[in-house]
Amino acid sequence: MFNFSSVRRPVAIALALTSSVAMVACNGQQTPKPTGTITSVTVSVAPTSIAKGSTAQATAAVVVTNNAAKTVTWTSSAPAVATVDANGKVTGVSAGTADITATSTVDNTKKGSAKVTVTDTVTPPTLTTAKINFQTSAAATPAGYTANTGAAYTEDSMIGWVTEASAGTATPVPLNLTNNARTRVVDGTNVLAGADARQYTQIQMQCGTSTDGNTCVSPSVNTSGAFEYKVVNGKYNVTVGVGDADKRNLNSSHSINVEGVAAITNFVPMAGTQFKTATVTVTVNDGKMTIDAKGGKNTKLNYVDIIPAPAN
């Protein structure tokens with residue numbers, strides 16, 4: 001009788017050997033994944049010097065092998081001088097120097113630093129420069145000037161006309177003086193050629209009573225007005241010009257005050273001397289420059305130049 005068990009035993013042994021060889025072959029093909037390493041960490045800060053309260057940005061350049069993570073943690077050697085957040089933003093706290101360090105999150109022995117200097121000096125803001133011509137909308141605006149046609153003050157712009165009584169206060173009352181804008185046209189008799197272009201236009205700031213001027217004909221506004229203009233707080237040299245190019249209109253006593261400082265006081269024009277200019281130095285602390293005509297009669301404002309005063 002044929003013995004099948006004697007045949008099965010060698011076959012089983014052969015299969016087992018084949019499986020072992022296959023496993024060895026497969027295992028021989030597996031290659032361990034290389035470990036990522038950190039080669040270096042270099043830090044830069046821009047700018048390297050900041051004022052107290054100002055900020056700078058620190059940046060870490062991380063060189064790695066095998067796609068290691070380039071993430072870092074940030075620290076300051078002197079948080080009382082300068083702090084640094086998780087994104088490398090540096091904030092000046094007090095005068096001095098601090099080292100801003102980035103440390104690899106993969107290998108904390110790899111780090112880099114850069115120095116930042118904090119000063120007490122704060123760079124002053126750039127002061128406002130403006131040249132404004134007061135005119136009708138139809139008039140040509142002199143070169144280098146911005147036209148103002150008498151629009152009422154708005155809180156958003158912090159520019160425009162307000163009632164004289166509310167000028168310089170925390171709650172200015174808007175006043176539309178568009179109908180008080182004037183343009184004088186040369187006729188060879190009453191309005192002569194040859195004047196400064198800025199002197200042929202004006203906004204009449206006052207008219208209406210015995211104390212501030214003659215009553216103006218409708219639609220002119222008889223409520224006295226003042227001009228507010230948004231500026232950066234600081235010290236300014238302000239030039240103002242007043243007058244009327246029509247030599248028939250000599251019934252004014254022009255007065256202009258800038259931030260409460262008298263620039264022109266009761267200038268009474270005559271034929272041939274119909275205009276006056278003056279420059280005063282003023283300091284603005286509330287973000288608005290106020291120009292009023294208190295103390296005058298029939299004051300007519302031609303233009304204003306607002307120029308930052310030289311540093312002492």
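Tutor: Rings of Phe, Tyr and Trp (for Trp, the six-membered ring) are taken to pair if their centres lie within 6.5 Å; planes under 30 degrees apart are called stacked, those over 60 degrees edge-to-face, and the rest tilted. The model is predicted, so local features need pLDDT of at least 70 and side-chain atom pairs count only at pLDDT 80 or more, whereas totals for chains, interfaces and linings use all residues. Residues are numbered from 1 along each chain as its sequence is written, and side-chain values use heavy atoms, with hydrogens and water left out.

By the ring criterion, the structure holds five aromatic pairs. One of them joins Phe134 to Trp161 in an edge-to-face arrangement, with 5.7 Å from centre to centre and 70 degrees between the planes. The two residues come from distant parts of the chain, 27 residues apart: Phe134 belongs to strand E9 (residues 130-134) and Trp161 to strand E11 (residues 160-163). Such element names denote DSSP runs numbered from the N terminus, with helices (H or I) of at least four residues and strands (E) of at least two. Phe134 has 0% relative accessibility and therefore counts as buried; Trp161, also at 0%, is likewise buried. The term buried means under 20% relative accessible area, exposed means over 50%, and partly exposed lies in between (1.4 Å probe, protein chains only).

Phe134 has a further partner in Phe227, and this pair is edge-to-face as well, at 5.1 Å between centres and 85 degrees between planes. Because Phe134 lies in strand E9 and Phe227 in strand E14 (residues 225-230), the pair ties together parts that are 93 residues apart in sequence. Phe227 is buried, with a relative accessible area of 1%.

Setting aside neighbours within four places in sequence, Thr163 contacts Val173, Leu175, Thr223, Ser224, Gly225 and Ala226, where contact means heavy atoms within 4.5 Å.

The wider setting is nonpolar packing. A nonpolar core is a set of buried Ala, Val, Leu, Ile, Met, Phe, Trp, Tyr and Cys residues joined through side-chain atoms within 4.5 Å. The largest such core has 32 residues, of which Val240, Ile256, Val258, Met289 and Leu301 touch the most other members. Two or more residues each come from E9, E14, strand E15 (234-243), strand E16 (254-258), strand E17 (261-267), strand E18 (275-284), strand E19 (288-292) and strand E20 (300-308). Ile256, with residues up to four places away in sequence not counted, touches Met205, Val240, Val242, Val261, Ala262, Ala263, Ile264, Ile291, Asp292, Thr299 and Leu301. Another core, of 22 residues, lies apart from the largest one; among its members are Val72, Trp74, Val81 and Val84.

As to covalent links, the structure holds one disulfide, the term being applied to a pair of cysteine sulfur atoms within 2.5 Å. The partners are Cys207 and Cys216, with sulfur atoms 2.0 Å apart. The torsion about their S-S bond is about -130 degrees, so the disulfide is left-handed. Cys207 is buried at 0% relative accessibility, and Cys216 is buried at 11%.

There remain the charged side chains. A salt bridge requires a side-chain nitrogen of Lys or Arg within 4 Å of a carboxyl oxygen of Asp or Glu, and the count by this rule is seven. Asp196 and Arg198 form one of them, at 2.7 Å from N to O; Asp196 is partly exposed at 30% relative accessibility, while Arg198 is buried at 17%. The charged end of Arg198 also sits over the ring of Tyr303, 3.8 Å from the ring centre; this label requires NZ of Lys or CZ of Arg within 6 Å of the ring centre and within 35 degrees of the ring normal.

Lys300 and Asp244 form another salt bridge, their closest N and O atoms being 2.8 Å apart. This pair spans 56 residues, from Lys300 in strand E20 to Asp244 in the loop between E15 and E16, and both residues are buried. Asp246 and Arg248 also meet in a salt bridge, at 2.6 Å from N to O; Asp246 is buried with a relative accessible area of 6%, whereas Arg248 is exposed at 56%. Finally, salt bridges with shared partners join Arg184, Asp244 and Lys300 into one network.
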